[in-house]
Structures are given as C-alpha cells and as structure tokens.
Amino acid sequence: MSGKDVKNLKHIANEIRRDVIRTARDCAEGVHIGGSLSLAEVYAVLFFFVAQLDTNNPKWTDRDRIILSKGHGNVGFSAAMARRGFFPLEELKNFDKLNAMLSMHVDKHRMPGVEISSGSLGHGLPIAVGAAIGGKLDQAKWHVYCILGDGEMMEGSNWEALMSGAHYKLDNLTAIIDRNMYSIDGPTEEVMSLEPLADKIRDFGWQLIEVDGNDVEQLLDAFNRTNDTGKPKLILANTIKGKGVSFLEGKASSHFAQFNQEDADRALAEVE
Amino acid sequence: MENEINKSQFIGKSSRDVFGKVLVELAEKDQRVVAVTADLSGSVRMVEFKKRFPERFFNFGIAEQNMMGASAGLAITGKIPYTSTYAVFASMRAGEQARTDIAYNKLPVRICATHSGISFGVGGATHQSLEDIGIFRNMPGMTVLVPADGVETAAILRSTLALRGPVYVRLGRFIEKTVYEKEFKYTISKADILQEGKDIAILACGGLVGHALDAADLLKANGIDAGVVNVSTIKPIDKETIIKVAESTGAILTVEEHNVINGLGSAVAEVIAEAGSEVRFKRHGILDVFTTSGPYEDLLAYYFLDAEGIAETVQNFLV
C-alpha cells in the first residue's frame with residue numbers, strides 16, 4: 001500500500017459519493033443517501049483494495065464473499081460495483097425503474113456479482129456466518145465480508161450471529177458496522193441504546209477494531225490486520241451519516257432523500 | 001420369504017426416526033450434505049449424523065433465526081443443508097429467514113421440521129404447528145412435502161437431494177400408521193390413489209393418511225364406499241388427480257393435522273374451484289382454534305381426526 005493507493009481510494013470514495021448524489025437526483029422516488037455516503041470509504045477500500053474479485057467471472061470459486069446486510073445501502077454499493085466493473089455505470093440512471101437491474105435493496109437475481117439478496121435487517125450476519133462455515137469446511141482461502149448498519153444491531157438475530165461466529169471460531173469472517181449513529185427515527189441512542197457497542201461485541205468474543213470509518217488509511221489498516229487466530233473480526237467504522245454533503249451530515253433526515261437539480265449541484269460541488 | 005425381503009426397513013418407524021437414518025445415508029452419498037439444528041439434535045434425530053459426520057453437523061443453539069440464515073449462507077457456498085427444528089419454530093420464529101434468505105434467493109435448503117400438527121400433544125398450542133403448510137406454500141418456489149409414514153419419508157427425503165430449489169418437509173413425532181410397506185421412488189407432485197371409492201374421496205396428508213384408510217374400512221361396514229388419496233405433495237399440487245377423483249366420486253373430504261385455513265384443504269379447494277368441478281366439498285382438520293394439550297392419541301380423538309372421527313365426519317357430510 002502506497003501513498004498513491006490511499007489517494008486513489010479517497011478519489012474513488014468521492015466518485016462513489018458523486019454517483020450516489022446523481023442517482024438521488026435521477027431516481028424515481030429517492031434513495032437511502034445518508035447511509036451510502038457514510039459508507040463510501042468502506043465500499044472503496046473493500047471493492048478496490050481488499051477483496052479478491054473477478055469482474056469477468058463474478059462466480060469465480062476463490063472470490064471473497066461480500067454480503068451487504070444493510071440492503072438499503074445498495075445505491076452506494078451499486079456505484080462501487082459498477083466502478084469496479086461488474087456492470088455499466090449507466091445502470092444507475094435506471095435506479096428503481098420497473099425491472100431495473102438496480103433498486104432500493106440489493107438483488108442477486110438482477111445484479112451480477114451479488115452473493116445474496118437482502119433488505120430486511122438482521123439477516124446478513126447469520127448468512128455470513130453460514131458462508132464462513134462453508135468456507136472452513138472446504139478449507140477455502142477466500143474471506144467473508146459482511147457490511148452492517150448500526151441501526152440493525154437492534155435486531156436480536158445479529159446477536160445470535162455474533163455468538164455463533166465466535167463459537168465456530170470463524171477467523172475467515174470480517175464484519176463492518178457503519179456506525180453513523182442514526183436509524184430512521186433518529187439518533188440510535190434515543191431510539192434504542194446500542195452503547196457501549198464496542199464492549200458488547202468484544203464481550204461476544206470478536207476481535208474488535210474501532211476506526212474512523214471515513215478515513216481510508218485507518219480502514220486499510222483495520223482490513224489488513226489479520227484476524228486473531230480463531231476469532232471473527234469486526235471493524236466498528238465510526239462514520240458520519242450523509243458524509244461529504246454539508247446539508248445532510250449528521251441529520252436523521254438524510255436517511256432517505258430525493259434531490260432536485262439545485263440540491264444535486266450544491267452537493268456535487270461539495271464533493272470534489 | 002421374497003415378500004419379506006421386499007419390505008422396507010422403515011416400516012413401523014416414525015417419520016422423524018427415518019429422517020435421522022436417511023440423513024446419514026444422504027451424507028454418505030454426497031459430501032455437500034450438512035445437518036443444521038437449534039439445540040434439538042436429539043428431538044430431530046440428528047445424533048447419529050453428529051456421530052458419523054461431526055465436521056458436517058452444526059448446532060446453532062436456541063437461535064432459530066440464525067440457524068435458518070446460516071443455512072442460507074451454507075447453501076451459497078455450495079452445501080446442501082438439511083435444517084431441522086420443530087415445525088412451529090421453522091415456520092414462524094425463522095419464517096422470514098426461510099422466505100427471504102432461502103426462498104427468495106432460490107437456495108437448496110431442505111427445511112425438515114418435526115413435531116408438526118398436534119403431534120407434540122402435551123406441549124400444547126405453543127409447540128403444536130397448525131399454520132406451517134399455509135406459511136410455506138405461500139413462498140414462491142418452495143416445494144412442500146408431507147410424508148404419510150416412515151417408508152414414504154425415506155422416499156421423499158431421497159427425492160430432495162437433487163432438487164434445485166428450497167423444500168419444506170413436514171415430519172411428525174410419533175410412529176405413523178403404516179401406509180406403505182415397500183420402498184419406492186418418490187415423484188414430487190404425484191398424489192397417490194391408495195384406494196378407489198364410488199361415494200367419496202378422502203384426500204389426506206401426513207400421519208392422518210393411515211387414519212383415513214382405517215376410516216374407509218369403518219365406512220365400508222356402514223355401506224359407504226370411500227376412496228383414499230395420499231396428497232403428500234402440497235406444492236406443486238397434483239391438479240390432475242384431484243380433478244379426476246372429484247369428478248369420479250362427486251364428493252371430497254380433505255383431512256389434515258393443520259388449521260383448515262390455508263392447508264391441504266385450501267389447496268384442494270383452489271384446484272376444484274378453478275377447474276369448475278361439480279363436487280361436494282368439505283375441509284376437515286383443526287377448525288381454526290388454538291388446540292388444547294393432551295396425549296397425541298387422545299387429541300386426535302378429541303378433534304375427530306382418528307379413524308372413528310374421520311368416519312363420523314364423512315357420514316355427517318354425506319347425509
């Protein structure tokens with residue numbers, strides 16, 4: 001990893017942000033913008049540096065498995081996948097249209113390179129646990145990455161999955177939580193307290209790395225650290241919801257929005 | 001002597017006992033087979049599998065949602081999970097994972113749930129399962145199979161190995177009455193006319209098929225010629241056979257250990273209504289109530305689901 005890599009990944013993160021903003025302008029009914037802008041660096045680092053993928057052969061046996069648990073993060077996820085080469089960037093222009101490849105929630109039947117459809121919260125981590133067990137059975141070299149929202153940590157199924165990930169010693173599994181501090185109804189700590197989140201996850205037997213999730217270098221360092229032997233790893237990525245667009249940052253209302261031309265231009269001007 | 005040789009080793013064994021045996025057989029045959037449960041390995045008969053293939057046995061503890069989601073995860077890596085818990089938990093506690101993670105993603109998970117219907121009689125309403133057929137048959141792409149006895153359970157389970165999509169296999173708890181003695185190759189979606197009858201056709205599934213056969217004997221003594229059809233595939237259902245027996249008898253009674261809403265009876269009603277069959281029709285099962293507790297045999301009698309109860313229901317219906 002060089003300074004050039006870091007600069008390039010920062011650039012890609014902002015390109016993803018610009019794609020998200022343009023889609024918020026062009027889409028039918030709005031997009032989950034805040035929780036995709038918060039994840040731009042995670043998407044960039046995962047798709048463009050960490051994960052072993054083959055866009056010409058999306059079902060390549062030895063690929064790393066990326067599971068998006070917060071299925072509503074699909075707008076940024078799609079932008080990252082398109083820029084990585086899984087499908088044309090133009091597909092974003094049809095976001096949410098009838099039968100379009102890309103829509104609100106990730107769909108493996110319509111999107112090449114997607115491991116599993118998701119959208120209902122609290123589902124991805126159990127699936128990731130199963131996939132990691134499958135990888136262990138095959139003594140496979142590939143790794144499982146699972147991206148979760150912080151709000152969905154209110155779902156009990158995620159805590160079942162945390163228990164089982166530690167129980168089955170899944171050191172081929174890395175989960176990332178987008179800790180942007182908001183769920184739909186407001187700040188998570190007002191809706192349903194999650195804190196002390198890091199301690200809870202550590203107490204469940206996971207290797208816990210807490211980083212600034214909008215900092216490429218910190219993310220690279222966290223992803224590059226090998227799992228402690230016999231432990232699944234969780235990167236608690238402290239992010240800002242709506243990151244990069246001043247009039248969205250840290251606002252619950254940034255969860256879902258549609259932009260008019262003027263808003264989109266303002267936002268695009270801020271993300272360079 | 002030859003007949004004895006042809007007899008199945010699974011006669012007189014409960015569907016869940018046969019599940020445990022055949023699961024081992026499937027795992028011997030296919031490396032991809034894994035067994036998954038939620039703290040019920042004894043109840044769902046996975047102990048032998050666990051002994052033989054410990055590396056392919058996964059217990060998720062009392063966490064059915066995670067068990068079902070992880071089964072989907074195992075399936076996306078090319079494994080064929082046989083996932084089991086009680087039917088009431090498979091269909092409801094983990095119902096959304098079955099629908100969204102497994103059915104929507106078209107994954108080859110075999111959800112083989114035991115203690116269906118009122119078979120866990122003393123467990124009461126919390127542990128009885130009277131909604132599961134309705135729930136699973138509502139999931140696009142889900143095959144729904146309900147074996148009548150141990151022998152058919154073996155045939156059905158063997159047929160699931162090569163199936164591309166997801167399947168729900170509904171198993172009981174106690175030894176079902178013997179319906180089949182010889183082993184056979186199961187054809188999914190083929191209802192089996194066990195006995196022809198002129199006056200009425202009793203369409204049953206699961207452990208009640210044996211009771212329906214006995215009911216037909218009782219009815220014969222009273223001058224009623226009742227046919228019995230085993231509808232062990234609820235989905236995709238055998239429309240042709242159902243329409244045929246509807247038209248040849250002019251009267252159908254469905255019998256199931258399930259709420260009369262959305263189970264076998266509803267599935268049959270859909271077929272004959274859409275076909276425009278002119279047939280008298282009645283659903284028999286649990287009549288939209290939460291059931292009480294008690295020994296299984298007593299409950300069957302209490303809800304008119306044993307041979308006498310079914311015969312009486314037929315007689316009242318045909319009056």
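This is a predicted model: local features need pLDDT of at least 70, side-chain atom pairs count only at pLDDT 80 or more; totals for chains, interfaces and linings use all residues.

Biologist: What makes a residue buried?

Modeller: It needs 20 or more other C-beta atoms within 10 Å of its own, with C-beta atoms placed from the backbone; 12 or fewer makes it exposed, and anything in between partly exposed. On one side of β2(A), Val144(A), Cys146(A) and Leu148(A) are buried, and on the other Tyr145(A), Ile147(A) and Gly149(A) are too. In a regular strand, side chains alternate between the two faces of the sheet.

Biologist: How do you know which strands pair with β2(A)?

Modeller: Strands are DSSP runs of E, at least two residues long, and helices are runs of H or I, at least four, numbered from the N terminus. Two strands pair if DSSP finds at least two bridges between them. Strand β1 (residues 65-68) of chain A has 4 bridges with β2(A), in the parallel sense, and strand β3 (residues 173-179) of chain A has 6 with β2(A), also parallel. Ile67(A) is opposite Cys146(A), whose bridge partner in β3(A) is Ala175(A). Tyr145(A) is bridged to Thr174(A) of β3(A).

Biologist: What makes a strand of this sheet an edge strand?

Modeller: An edge strand pairs on one side only, as β1 and β6 (207-212) of chain A do. The open sheet has 5 strands in the order β1-β2-β3-β7-β6, with parallel pairing. Its twist averages 20° from one strand to the next.

**Helices of chain B**

Biologist: Why are α9(B) and α13(B) called oblique to each other?

Modeller: The axes of α9 (residues 208-221) and α13 (residues 307-318) of chain B come within 8 Å and cross at roughly 55°. Axes are lines fitted to C-alpha atoms, for helices over the stretch in contact, and angles run from 0 to 180 degrees between N-to-C directions. Under 35 degrees is roughly parallel, over 145 roughly antiparallel, 65 to 115 roughly perpendicular, and the rest oblique. The value belongs to the rest, so α9(B) and α13(B) are oblique.

Biologist: How many residues does each chain give to the contact?

Modeller: Chain B gives 21 residues and chain A gives 19, where contact requires C-beta atoms, placed from the backbone, within 7 Å. On the side of chain B, α4(B) has the largest share, 9 residues. That side divides into 8 nonpolar, 10 polar and 3 charged residues. Ala, Val, Leu, Ile, Met, Phe, Trp, Tyr, Cys and Pro count as nonpolar, Asp, Glu, Lys and Arg as charged, and the others, Gly among them, as polar.

How values were computed
Residues are numbered from 1 along each chain as its sequence is written. Chains are lettered from A and ligands numbered from 1 in the order in which they are written. Two residues are in contact if their C-beta atoms, placed from the backbone, lie within 7 Å.
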